[in-house]
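Q: I'm new to reading protein models and would like a close look at one part of this one. Could you walk me through the place where the two chains meet, and then show me what lies around it?

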Amino acid sequence: MEGFLGGLAILLDPWVMFMVLLGTVLGIFVGALPGISGSTTIALMLPLTITMGPIPAICFLGAIYCAANFGGSITAIMVNAPGDPSASATALEGYKMAEKGQAGLALGMSAVSSAIGGIFSIFVLIIAAPLLARAAYSFGPPEYFALAVFGLSMCAAIGGDSAVKNLIAAALGVLLATVGMDLTTGTERFAFGIDELADGIKFVPVLIGLFAVGEMLDQVVRRAEKSKIIALDAARVPGMAEFRKCNRSIWLGSVIGTFIGALPALGATTAALIGYNETRRWSKHKEEFGKGSIEGVAGPEAANNAAVGGSMVPTLALGIPGSATTAIILAGLIVQGVRPGPHLFTEQPTLLYAVFASMLAANLFYLGLGLYMARFFARISLIPPAILWPSVFVLSIIGAYGPDQSMGDVVIMLVAGVVGFLFRRTGFSPAPLIMGLVLGGKMEETLKQSLIIFGDDVSMFATRPIAMTLLCITAAGLLWPLISRFWRSRGA
Amino acid sequence: MRGARNPNHAIAASIAAVAFAAIAATFTFDPVPPGLPGLGAVEFPRLVSAILLLLALILGLTAASSANEDDSPRISSRAWLIFALCLGFLPLVEIIGMIPAIPIFLLVAGLLWGGTPWLTLALSALGMGISIWLVFVKIFRLTLPKGWLGSMLGF
């Protein structure tokens with residue numbers, strides 16, 4: 001509690017508070033823009049945060065993450081075009097409500113349920129993250145290796161075209177993480193005499209390329225037309241009757257979202273889809289679903305925002321990203337010289353509690369902004385793509401060039417952009433590649449350390465119960481589709 | 001009649017080629033002094049490449065998702081022009097510098113994209129160029145490339 005009060009005190013610093021407010025407004029803004037997700041924006045903003053110092057930087061990025069999920073619901077409801085992938089479930093019922101003339105109510109419920117889900121998950125984060133970190137004190141290299149393998153295996157369920165493609169992308173990310181100097185032997189790997197590769201693949205240009213430029217190139221091919229907006233008077237706070245109707249959906253979504261978010265790799269989009277399905281399953285008004293159900297807005301919105309706090313639990317406590325966006329935030333922390341993991345709780349508790357407090361503040365900010373400025377944010381989707389996407393490209397160039405002022409990084413960013421574009425065209429998701437890139441170094445390092453501890457005897461992993469359990473869960477999860485197919489064929 | 005081609009085969013072959021290339025590249029790494037404990041520099045990349053090969057094999061044996069092809073529209077000639085313009089941005093920066101190149105790029109890319117009046121594009125391109133100069137050069141003190149022209153004019 002003392003630490004949290006310390007975090008709140010830091011938040012009262014006008015500069016930090018300004019960064020949280022700026023992050024919230026920017027998060028809603030980009031969340032409302034179809035095509036630009038929170039992860040793209042955080043990747044684009046990463047270079048700007050380098051000069052800020054760790055606390056304002058992480059508060060700024062955390063606020064964008066919180067607000068972008070909510071921002072996505074505005075255009076999902078108003079134009080049936082989810083601004084953020086996590087709002088795709090909201091569009092199912094929200095747009096139908098808007099067509100019935102209930103856009104204001106849908107936006108109001110979206111803002112309130114998002115804030116409830118977000119705040120609930122932050123309290124879970126405040127309680128669970130230190131507990132998890134304390135448990136992780138007993139972790140050694142074998143446990144961390146097993147955890148990294150488990151985290152990467154969860155990429156299979158991240159969404160996209162197929163689980164195998166997600167695993168391939170994750171493995172490619174791990175392979176990319178081996179580029180540069182091997183720290184234990186001093187051997188240069190896959191650098192091919194290129195100076196920019198000798199120190200390893202830099203996170204910032206790759207993140208910007210994969211997310212921002214890859215998406216921009218994809219939009220060039222699709223050349224999306226301007227959206228048509230539904231008339232809206234104002235978002236309105238839901239009344240008691242509506243709250244009573246949605247009460248169960250909001251809490252169900254909050255719990256599901258926090259749990260899904262806390263699992264490595266799975267983020268807000270998965271949480272929202274599961275939240276929507278479970279809301280429908282447990283609803284007393286199933287007949288309203290598909291025709292504009294307010295519960296169908298409340299459940300997924302609570303879930304996708306609850307996933308934000310949930311995904312920060314493993315990110316901060318273990319250094320294992322809970323989602324693609326937290327993988328980028330993790331990269332941002334590493335760039336700032338902060339190494340997430342259990343020791344962060346003893347070494348830099350102020351930073352952690354400032355993050356918690358800033359996320360709480362961001363939730364309250366977007367609740368206010370969402371209720372009173374929804375009409376303004378809904379108009380964001382009217383920005384012509386011919387202005388928006390070339391601007392994204394220019395900002396990507398500056399973002400990649402900025403940190404080291406190197407045109408070589410711009411070239412790496414462009415290559416990553418082409419890879420991101422090809423990924424999208426062939427049904428791959430760039431998120432697992434980022435997870436692999438972030439976790440790859442840790443995975444190799446802990447495997448090497450484990451083998452030194454075990455005297456090169458791999459079977460010694462069996463003597464470490466936590467590591468063995470995690471590896472068994474990973475194996476079971478990966479083999480489950482084969483096992484279930486086998487049982488089904490026997491049953492038939 | 002021949003059946004529809006499975007795009008997964010081509011993707012799997014590309015992934016396998018990357019994995020084979022990575023394994024081949026590990027043979028070019030400098031040798032590690034003997035006697036070091038644990039894994040050397042080559043084992044981990046080879047292990048990951050072997051996993052990639054296995055996954056590529058599984059992908060090659062998997063039927064393609066029907067949604068995948070519908071989601072990938074053909075690349076139009078206009079899209080190719082915008083791609084070329086993106087590539088051309090870097091040489092343009094080398095010649096005239098980053099700040100002057102930005103409005104030119106934004107205007108031409110916007111015109112190629114279509115659907116927005118040229119005056120709106122020109123004004124927004126100019127506004128974006130000025131905003132970037134204010135934020136990155138004046139506030140964040142970032143030194144953006146001045147290009148051959150900027151150096152010649154002494155900016």
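A: Here is a walk through the contact between the two chains, followed by a look at some of the packing around it.

One thing to keep in mind from the start: this is a predicted model.

Let's get to know chain B first. Of its 155 residues, 28% count as buried. And if you take the contacts in chain B between residues at least 6 apart in sequence, 63% of them join residues at least 24 apart.

Now for the meeting place itself. On one side you have 53 residues of chain B, and they are in contact with 47 residues of chain A. Which elements of chain B give two or more residues to this side? They are helix H1 (7–26), helix H2 (43–60), helix H4 (77–96), helix H5 (98–113) and H6 of chain B. H2(B) gives the most, with 10 residues. Sort the chain B side by class and you get 39 nonpolar, 13 polar and one charged residues.

Leaving aside neighbours within four places in sequence, Ile168(A) is in contact with Ile15(B), Leu52(B), Leu55(B), Ala56(B) and Leu59(B). Ile168(A) also turns up in the largest nonpolar core, which has 217 residues: along with Leu207(A) and Ile434(A), Ile168(A) touches the most other members. The element that gives the most to this core is helix H4 (residues 54–79) of chain A, with 18 residues. As a general point, nonpolar side chains in soluble globular proteins tend to be buried together.

Ala13(B) has its place in helix H1 of chain B. Is Ala13(B) buried, exposed or partly exposed? Ala13(B) has 13 other C-beta atoms within 10 Å, so it counts as partly exposed; exposed would need 12 or fewer. In sequence, Ala13(B) and Leu53(B) are 40 residues apart, yet their C-alpha atoms are 9.3 Å apart in space.

The second one is Pro145(B). Look for Pro145(B) in the loop between helix H6 (118–139) and helix H7 (147–153) of chain B. Pro145(B) is partly exposed too, because 19 other C-beta atoms lie within 10 Å, while the cut-off for buried is 20 or more. Pro145(B) and Glu94(B) are 51 residues apart in sequence and 7.3 Å apart in space, going from C-alpha to C-alpha.

Next, some helix packing in chain A.

Helix H7 (residues 141–153) of chain A and helix H20 (residues 465–491) of chain A pack at an angle of about 20°, with their axes 8 Å apart. That angle is under 35 degrees, which means H7(A) is roughly parallel to H20(A). Here the crossing is left-handed. Among the residues that make the contact are Pro142(A), Phe145(A) and Phe150(A) of H7(A), and Ile466(A), Leu470(A) and Gly477(A) of H20(A). This contact has 12 nonpolar, three polar and one charged residues.

Last stop: a loop in chain A. Phe190(A) is in the loop between strand E2 (188–189) and helix H9 (195–198) of chain A, and Phe192(A) is found in the loop between E2 and H9 of chain A. Phi is near 55° for Phe190(A), a positive value in a residue other than glycine. For Phe192(A), phi is near 50°, again a positive value in a residue other than glycine.

Methods:
Residues numbered from 1 in each chain as written. Chains lettered and ligands numbered in written order. Predicted model: local features only at pLDDT ≥ 70, side-chain atom pairs only at ≥ 80, totals over all residues. Helix = DSSP H or I, 4+ residues; strand = E, 2+ residues; numbered from the N terminus. Core = buried A, V, L, I, M, F, W, Y, C linked by C-beta atoms within 7 Å. Contact = placed C-beta atoms within 7 Å. Axes fitted to C-alpha atoms, helices over the stretch in contact; angles between N-to-C directions. Parallel < 35°, antiparallel > 145°, perpendicular 65-115°, else oblique. Left-handed = near helix turned anticlockwise from the far one by under 90°. Nonpolar A, V, L, I, M, F, W, Y, C, P; charged D, E, K, R; others polar.
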